[in-house]
Amino acid sequence: MLKIGRLVTIETRANAAFYRASHADPARSLFILFSYSGETEQLLRVARKLNERTVPLIAITSFGGNSLSALADIVSASTGEMKKRYGVIYVDVDDGGRGTFARSRKDSFAWYQKVIATNGASLHEDA
């Protein structure tokens with residue numbers, strides 16, 4: 001994000017995210033909010049503040065057509081289908097919602113962690 005002139009901060013607490021949203025510079029900030037349902041009130045409060053301040057917002061949610069999606073500039077949503085999964089964490093659940101919901105790291109987790117730690121330099125290493 002720094003290459004496109006956007007400030008990068010990771011915030012896991014909703015109150016702190018709301019504070020950052022309240023003071024974000026629309027010209028330099030971009031928020032990405034993650035929500036399974038898109039209906040979490042604390043995140044919706046942050047999203048409404050971002051809209052009020054005209055700060056760009058990307059929403060990543062499991063279901064489209066929710067309140068968070070309606071407030072976002074860009075939405076990434078899935079069908080919730082479990083048979084075809086991408087990412088670095090495996091969740092033990094099938095399309096019917098059956099399973100333990102236990103989470104475990106996929107083999108790609110360590111690869112992605114290295115990409116982040118090296119700021120992408122590891123992408124240019126020989127395989």
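Trainee: Which residue in β2 does Leu 33 stand opposite?

Mentor: The model is a predicted one. In it, β1 and β2 run parallel and are joined by five bridges. Within that pairing, the residue of β2 opposite Leu 33 is Ala 59.

Trainee: In what order do the three strands of the open sheet lie?

Mentor: The edge strands are β1 (31-35) and β3 (74-77), each of which pairs on one side only. The pairing in this sheet is parallel, and from one strand to the next the twist averages 15°. The order is β1-β2-β3.

Trainee: What is the bridge partner of Ile 58 in β3?

Mentor: Strands β2 and β3 pair in the parallel sense. Four bridges make up that pairing. In β3, Ile 58 has as its bridge partner Ile 74.

Trainee: What angle does the direction of helix α2 make with that of β1?

Mentor: Helix α2 covers residues 41-52 and packs on the sheet. The strands it touches are β1 and β2. Its direction and that of β1 make an angle of about 155°.

Trainee: Why is β2 described as largely enclosed by the rest of the structure?

Mentor: Buried here means a relative accessible area under 20%. Strand β2 has five residues, and it counts as largely enclosed because the number of them that are buried is four.

Trainee: Which element gives the largest share of the largest nonpolar core?

Mentor: That core has 17 residues, and those touching the most other members are Phe 31, Leu 33, Val 46, Ala 47, Leu 50, Leu 57 and Leu 68. Two or more residues each come from α1 (14-23), β1, α2, β2 and α3. The largest share is five residues, and the element giving it is α2.

Trainee: Which residues does Leu 50 touch, not counting residues up to four places away in sequence?

Mentor: Leu 50 is among the core residues that touch the most other members. Leaving out residues up to four places away in sequence, its contacts are Ala 21, Phe 31, Val 55 and Leu 57.

Trainee: How far apart are the closest N and O atoms of Lys 49 and Glu 52?

Mentor: Lys 49 and Glu 52 are three residues apart in helix α2, so about one helical turn separates them. Lys 49 is buried, with a relative accessible area of 18%, whereas Glu 52 is exposed at 57%. They form a salt bridge, and the closest N and O atoms lie at a distance of 2.9 Å.

Trainee: What is the N to O distance in the salt bridge of Glu 41 and Arg 48?

Mentor: Glu 41 is partly exposed, at 46% relative accessibility. Arg 48 is partly exposed too, with a relative accessible area of 39%. Their side chains meet in a salt bridge with an N to O distance of 2.4 Å.

Trainee: How many salt bridges does the count come to?

Mentor: The count takes a side-chain nitrogen of Lys or Arg within 4 Å of a carboxyl oxygen of Asp or Glu. Among the pairs that qualify are Glu 41 with Arg 48 and Lys 49 with Glu 52. The count comes to four.

Trainee: Which backbone nitrogen does the side chain of Asn 66 reach at 2.8 Å?

Mentor: Asn 66 is in the loop between β2 (57-61) and α3 (67-71). Its side chain also makes a polar contact of 3.2 Å with the side chain of Thr 61. The backbone nitrogen reached at 2.8 Å is that of Ser 69.

Trainee: Is Asn 66 buried or exposed?

Mentor: Not counting residues up to four places away in sequence, Asn 66 touches Ser 37, Gly 38, Glu 39 and Thr 61. Its relative accessible area is 7%. The cut-off is under 20%, so Asn 66 counts as buried.

Trainee: Which residues does Ser 122 touch, not counting residues up to four places away in sequence?

Mentor: Ser 122 lies in the segment after α4 (108-117). At 11% relative accessibility, Ser 122 is buried. With residues up to four places away in sequence left out, Ser 122 touches Lys 114 and Val 115.

Note on methods: Residues numbered from 1 in each chain as written. Predicted model: local features only at pLDDT ≥ 70, side-chain atom pairs only at ≥ 80, totals over all residues. Heavy atoms only, no water. Buried < 20%, exposed > 50% of the residue type's maximum accessible area, 1.4 Å probe, protein only. Polar contact = N/O pair within 3.5 Å; in protein donor to acceptor, adjacent residues only side chain to side chain. Contact = heavy atoms within 4.5 Å. Pairing = 2+ DSSP bridges. Axes fitted to C-alpha atoms, helices over the stretch in contact; angles between N-to-C directions. Core = buried A, V, L, I, M, F, W, Y, C linked by side-chain atoms within 4.5 Å.
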